Amino acid sequence: MTTSDDAPARAAASPWAGGWHGSATRRTSPNQAMRPVPPASVDLIVLHSISLPSGEFGTGAVQQLFMNTLDWDAHPSYQSIRGQRVSAHFFIQRSGALWQFVDCDLRAWHAGRSSYRGRGECNDDSIGIELEGLEGLYFEPAQYRTLVTLCRDIALRYPIEHVAGHEHVAPGRKQDPGAGFDWAQLQHALDWPRCRFPPDACSAVR
Ligand SMILES: [Zn+2]
């Protein structure tokens, strides 16, 4: 018979060290700032998709982009993003591997010009998660598993009331994560109320 004396302690252990998630590979992006003072409540998760070069996975270029170390001349398509200084709090690779670039207590630069739930400048009071992928393409089961755990953990630390895509906070300007993202699957797995998700995004849900 095994003892489970330490199980409650493990279960109660926070996944967080400040605004850093303990399961993520940590890199500190220079593309960040303080959130506004007085602080608005961080109640929104914004989901994105990204791949560099577009449609190629596991190249390391996304991580380089967020660290301002991407060689703009390494691929012709990079000319369209040359000089951009962007970041997200999190990046989930096709394998499900989790990276973090910005302390969640700080402002990352992922949403750009945006508005949602009656508030503009979504970077001020949201957490940005980039999924390695391509607009219109499916995402891997391993990515959903990491995303679900991450969303749950984020909600332990921040009063999350909304999950939306970049396409929902910047409609007409952005299309990610796109039609390949299964909002109903995410909503079911999280078992969060449908009202936390974009209208029409979970058409198949209960
Ligand atoms: Zn995006």
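**View 1. The end of helix 5 and the residue after it.** Asp191, whose phi is positive, near 55°, follows helix 5. Helices (H or I, at least four residues) and strands (E, at least two) are DSSP runs, numbered from the N terminus. The model is predicted: local features need pLDDT of at least 70, side-chain atom pairs count only at pLDDT 80 or more, and totals for chains, interfaces and linings use all residues. Residue numbers start from 1 along each chain as its sequence is written.

**View 2. The buried residues of helix 5.** Trp183, Leu186 and Gln187 are the buried residues of helix 5. A residue is buried if 20 or more other C-beta atoms lie within 10 Å of its own, exposed if 12 or fewer, and partly exposed in between, with C-beta atoms placed from the backbone. The buried residues of helix 5 pack against helix 3 (141-157); here, contact requires that the C-beta atoms of two residues, placed from the backbone, lie within 7 Å.

**View 3. Asp200, in the segment after helix 5.** Asp200 is found in the segment after helix 5 (183-190). Asp200 is exposed because 8 other C-beta atoms lie within 10 Å. Gln100 is 100 residues from Asp200 along the chain, and their C-alpha atoms are separated by 30 Å.

**View 4. Strand 5 and its two partners.** Seven of the seven residues of strand 5 are buried, so this strand is largely enclosed by the rest of the structure. Leu44, Val46, His48 and Ile50 point one way from strand 5, while Ile45, Leu47 and Ser49 point the other way. Strand 5 runs parallel to strand 11 (residues 126-132), joined by seven bridges; two strands pair if DSSP finds at least two bridges between them. Glu132 in strand 11 is the bridge partner of Ile50. With strand 12 (residues 162-165), strand 5 pairs in the parallel sense over four bridges. In strand 12, His162 stands opposite Leu44.

View 5. The loop between strand 5 (44-50) and helix 2 (61-66) holds Gly55. Gly55 counts as exposed because it has 11 C-beta neighbours inside 10 Å. Glu135 is 80 residues from Gly55 in sequence, and the two are 9.1 Å apart in space, C-alpha to C-alpha.
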